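Please take a look at the model below. A short report on some of its local features goes with it.

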Amino acid sequence: MRSLSPAALRARLPRRAVLGAGAAASVASLLPARRASAAAPPPAAAADGLRALPSDTEVARQVRAEFVHSWEGYKRSAWGRDEVRPLSAGHNDFYLPGRTFGLSIVEALDTLWVMELDHEVKRAADWIEKHFDPAQDGDIHVFEAVIRLVGGLLSGHLCTGRPKLLARCRELADRLLPAFTASPTGIPYTRVNLRTGAVSGTNPPLAEVGSNILEFGVLSQLTGDRRYFDAAKRAYRAVLDRRSSLDLLGTSIDTESGRWTDTTSSVPNPPVDSFYEYLWAGGELFGDPELRDWYRLLTDAVLRAQGERSDGRLWFAQVDQETGEVVGRSQSELGAFYAGLLGKGGDRAAGEDYYKSWTMLLDRHPVLPEAVDFGEGTILSARNDLRPEYVNSSFDLWRLTGDASYKRTAYRYFKGLRDHLRVPGGYTVAADVTTSPVQLGDLTPGYWFAENPKYLYLMFARTRRFDQRKGLLSTEGKILRGAVRS
Ligand code: DMJ
C-alpha cells in the first residue's frame, strides 16, 4: 500500500479545492484563543491532558469503572429493553415500537468479556439465548440489524464460544437475507419484515449498501455457507460498476433501477462512512484482492477530489461525483473514524493530519459537537450523541504507530465525557455542548456499550483477551478477529 505524504497530497489537490485565505481565516474561529502551532506551547487542555495522564493500568481501571457505572444504570432501569434513558430511568425501543431485541445487551457482550466481567457476560448471554427473538413481526432496518445485532451475536460467539449465540445470529441473518436476494441489482432494500420476509425501502445510502461484508463474511466462514458473503459482495460490485469517470461514488442509489439518487460524493460523512471502512477491512479479513483494489481506487479518488487543506488542517469537502465541483464543506463527527481508516489503508500521513483537525476541535470543545462547517468555521450541530468515532481513530492510529500522543488525546476525550456527560444513571447524550454546563439529553445509545469504552480499554489495558496485532473490529466495535479464548 502506498503512503501519501501531506506535501504529495497538497500537490495533488486541484487548485480550486484548496481554501483561500478568507476561508482559512474563518476556520481559525473554530480554534481556541491560543492557536496550536509547532512553535507555540500546546493549548491548556492539551497541556493538562499531558500532565494529568495517569499510568496505563490506572486509566484502564478508570475506563472499566465508568463502563460498569453505565452498565449498572442500564440494568437498573432498562434491563431487557433496547436502550436506557439514564435521566428519566426510562427506555427507548430502537428498532420497533413496543418491541425489544435487548440491543444494549447484544452491544455490550464482547466489551463485558474483554473487560473480564465474566459474571455479567453469563447474565447477558443467558438473556440472549432465552429472550432474543429474531422473528418479530415488523419492518426492521437491515443495516442497523447487521452492524449491531448480527455483529454483536457473532462477536459474542467468538468471545465466549457459546454455540447458541451463533445459531441466533444465523437465524437473524437468514431473515435479513431477502433484502439482498430479492433485489434485481444486488443493492439491498433498506427494510425487511423479519417474520414475512417482505422487503421495502428502495433508496439506501452507501453505508447501508456496503457495511455488511464483515458480519456476513465471518458468518459464511463459521457456517461454511457462502450465501451471506456472496450477497454482500454482489452489493459492493453493483455500486462499483456505477462509479463516475472520476472514480467517485454518490451518496444514495436506487435498489431497483441502480440509478444514483444523490450524486454527491460525501466521504467520510454519513450516510456513506462505513461503506469505505468495510472495503478495506473486508480486504484485510478475507484476503479478497478485489475489495482491496476497490478500496485503493476509491480512496485515491477521494484524496484527489475531496481533500482540502487550510491552516495545515486536512478536511474533506463534498463534491459532485461527475464534475468534482465542491458542493459543501460540512464535516460530521461520525467522519472522524476516517483518520484511522486512512492510516490502516496505507495513507498514514493523511490519516494523522485528519486526526489533528479533530483534535483541534477537541482543544476547543472537550465534548465534540456533532457537525461543523470547516469552510465557514461554524458549528452546524451542537449536539453530542456520545459518539465513538474520534476515539476509534485514536485506537487505530495508536495501534498503527505506537505513538503515545494518541493515548494522551484519547484520555482527554475520555475526561471530557466523564466531566460533562456522566450522570447518576450512566452516560447520556448532550443537546448542546456549547453551553456551560453542557445541556444534557436523555439517552445512552446502544453503541456506547460496544464502542467508546472498548477502544479506550484496549488502548490502556494489557489484556490477554485481545490480540493487538491481529485484532479487527467492525464499524460497531465488535471484535471479529483477535478474541483470545483460553
Ligand atoms: C455506530 O452505530 C457505528 O459506528 C456506525 O458505523 C455509525 N456510527 C455509529 C455511532 O456513532
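## Model

The structure is a predicted model.

## The second largest pocket

The second largest pocket has a volume of about 430 Å³. Its lining takes in 24 residues. Closest to the centre are Trp280, Glu284, Lys344, Arg399 and Gly471. Helix α13 supplies the largest share, six residues.

What classes of residue make up the lining of the second largest pocket? There are 10 nonpolar residues, five polar and nine charged.

Strands β3, β4 and β5 form an open sheet, in the order β3-β4-β5. The pairing is antiparallel. At the edges are β3 (139–141) and β5 (199–200), and each of these strands pairs on one side only.

Helix α7 (residues 142–160) packs on this sheet. The helix touches β3 and β4, and its direction makes about 60 degrees with that of β3. Strand β4 spans residues 191–193 and is joined to β5 by two bridges. Val192 has Val199, in β5, as its bridge partner.

## The β9–β10 hairpin

Strands β9 and β10 form a hairpin, with two residues between them. Asp311 sits in the turn and has a positive phi of about 55 degrees. Strand β9 covers residues 307–310, and its antiparallel pairing with β10 runs over four bridges. Across the pair, Glu308 stands opposite Trp315 of β10.

Which way do the residues of β10 (residues 313–316) point? Arg313 and Trp315 point one way, Leu314 and Phe316 the other way. In a regular strand, side chains alternate between the two faces of the sheet. All four of these β10 residues, Arg313, Leu314, Trp315 and Phe316, are buried.

## Lys454

Lys454 belongs to helix α20 (residues 452–460). Is Lys454 buried or exposed? Its relative accessible area is 0%, so Lys454 counts as buried, the cut-off being under 20%.

What does Lys454 touch, leaving aside neighbours within four places in sequence? Its contacts are Asp110, Thr111, Leu473, Gly477, Lys478 and Ile479.

Note on methods
Residues are numbered from 1 along each chain as its sequence is written. This is a predicted model: local features need pLDDT of at least 70, side-chain atom pairs count only at pLDDT 80 or more; totals for chains, interfaces and linings use all residues. Side-chain values use heavy atoms; hydrogens and water are left out. On a 1 Å grid over the protein atoms alone, a cavity is a set of points where a 1.4 Å probe fits but cannot get out, and a pocket is an open set with protein on both sides within 12 Å along at least five of seven lines; lining residues have an atom within 4 Å of a point. Grid points are joined across faces, edges and corners, and a volume is the space filled by probe spheres set on the points. Ala, Val, Leu, Ile, Met, Phe, Trp, Tyr, Cys and Pro count as nonpolar, Asp, Glu, Lys and Arg as charged, and the others, Gly among them, as polar. Two strands pair if DSSP finds at least two bridges between them. Contact means heavy atoms within 4.5 Å. Axes are lines fitted to C-alpha atoms, for helices over the stretch in contact, and angles run from 0 to 180 degrees between N-to-C directions. Buried means under 20% relative accessible area, exposed over 50%, partly exposed in between (1.4 Å probe, protein chains only).
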